[in-house]
Amino acid sequence: MKEHRLIEQMIGLVADRHDRIGQEEKVDPVFIDAAVDFIRTYADRCHHGKEEDILFRELEKKDISDEHKKTMEGLVSDHKFGRKVTGELEEANEAYKHGKKAALKDIQQALQKLTDLYPQHIEIEDKHFFLPVMDYFSDEEKSSMLSEMMDFDREMIHKKYRQIVDKFKG
């Protein structure tokens, strides 16, 4: 849940940029690149990765309530939607950088979708899901998941930059 606070801060910046587009009729493509990187790397690979690859995997082994199953499915659906919109944002930003001014509207729409998605998504996780589902786990299981999440974090940044090097090596 601590990660949510940083994501909320970035989404606040995204919302501010969205509003500025309406006023200034331009956008800083460097900011959009940074936002895409933040959402892909921190929000999705790091944060959602731990949820999907560790917490949700472990919850699927449990006999959880139908309500929690439905909520978990909705959260995964949100993650997929966020990935799709982030891809749209990246494409629109590339078009904008290449002089296609009409892409500004696509950037603005993608930013709006992200600012609509994340606050409600985080509220569901914080207030209606994460704490209640912890009751399905023993203290030992929670400790094991936390340890796995810490390992996940340690490896993630190395994996990202290993992929970058491999990409350019050919």
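1. Phenylalanine 56 and phenylalanine 129 are both buried, where buried stands for under 20% relative accessible area, exposed for over 50% and partly exposed for what lies in between, with a 1.4 Å probe and protein chains only. For phenylalanine 129 the relative accessible area is 0%, and phenylalanine 130 is likewise buried, at 9%. This is a predicted model, in which local features need pLDDT of at least 70 and side-chain atom pairs count only at pLDDT 80 or more, while totals for chains, interfaces and linings use all residues. Residues are numbered from 1 along each chain as its sequence is written, and side-chain values use heavy atoms, with hydrogens and water left out.

2. The structure holds 3 aromatic pairs, a pair being rings of Phe, Tyr and Trp (its six-membered ring) with centres within 6.5 Å, counted as stacked when the planes are under 30 degrees apart, as edge-to-face when over 60 and as tilted for the rest. In one of these, the ring centres of phenylalanine 56 and phenylalanine 129 are 5.9 Å apart and the planes stand at 85 degrees, so the pair is edge-to-face. Since phenylalanine 56 belongs to helix 2 and phenylalanine 129 to helix 4, the pair ties together parts that are 73 residues apart in sequence; helices here are DSSP runs (H or I, at least four residues), numbered from the N terminus. Phenylalanine 129 also forms an aromatic pair with phenylalanine 130, a tilted one with 6.2 Å centre to centre and 55 degrees between the planes. Phe56, Phe129 and Phe130 form one aromatic cluster.

3. How many salt bridges does the structure hold? There are 19 salt bridges, each defined by a side-chain nitrogen of Lys or Arg within 4 Å of a carboxyl oxygen of Asp or Glu. Among them is the one between aspartate 33 and lysine 97, whose closest N and O atoms are 2.9 Å apart. Aspartate 33 lies in helix 2 and lysine 97 in helix 3, so this contact ties together parts that are 64 residues apart in sequence. Aspartate 33 is partly exposed, with a relative accessible area of 32%, and lysine 97 is partly exposed as well, at 37%.

4. A salt bridge also joins arginine 57 and glutamate 148, with the closest N and O atoms 2.7 Å apart. Here arginine 57 is in helix 2 and glutamate 148 in helix 5, so the pair ties together parts that are 91 residues apart in sequence. Arginine 57 counts as partly exposed at 28% relative accessibility, as does glutamate 148 at 30%. The two residues belong to a network of salt bridges that links Arg57, Glu58, Lys61 and Glu148.

5. Within helix 5, aspartate 139 and lysine 142 are 3 residues apart, and are therefore separated by about one helical turn. They form a salt bridge in which the closest N and O atoms are 3.9 Å apart. Aspartate 139 is exposed, with a relative accessible area of 63%, whereas lysine 142 counts as partly exposed at 30%.

6. Helix 3 (residues 66–97) has 32 residues and should span 46 Å at 1.5 Å a residue, which agrees with its end C-alpha atoms being 46 Å apart; the expected span is 1.5 Å times one less than the number of residues. Just after helix 3, glycine 99 takes a positive phi of about 90 degrees.

7. The largest pocket contains about 480 Å³ of space. A pocket is an open set of points on a 1 Å grid over the protein atoms alone, where a 1.4 Å probe fits, with protein on both sides within 12 Å along at least five of seven lines, and its lining residues have an atom within 4 Å of a point. Of the 17 residues that line the largest pocket, Met1, Phe130, Met134, Leu146 and Met149 lie nearest its centre. Helix 5 gives the most to this lining, with 7 residues.

8. The second largest pocket has a volume of about 360 Å³. It is lined by 13 residues, with Asp37, Arg45, Lys160, Ile164 and Lys167 the closest to its centre. Helix 2 gives the most to the lining of the second largest pocket, with 6 residues.

How values were computed. Helix = DSSP H or I, 4+ residues; strand = E, 2+ residues; numbered from the N terminus. Points joined across faces, edges and corners; volume = space filled by probe spheres on them.
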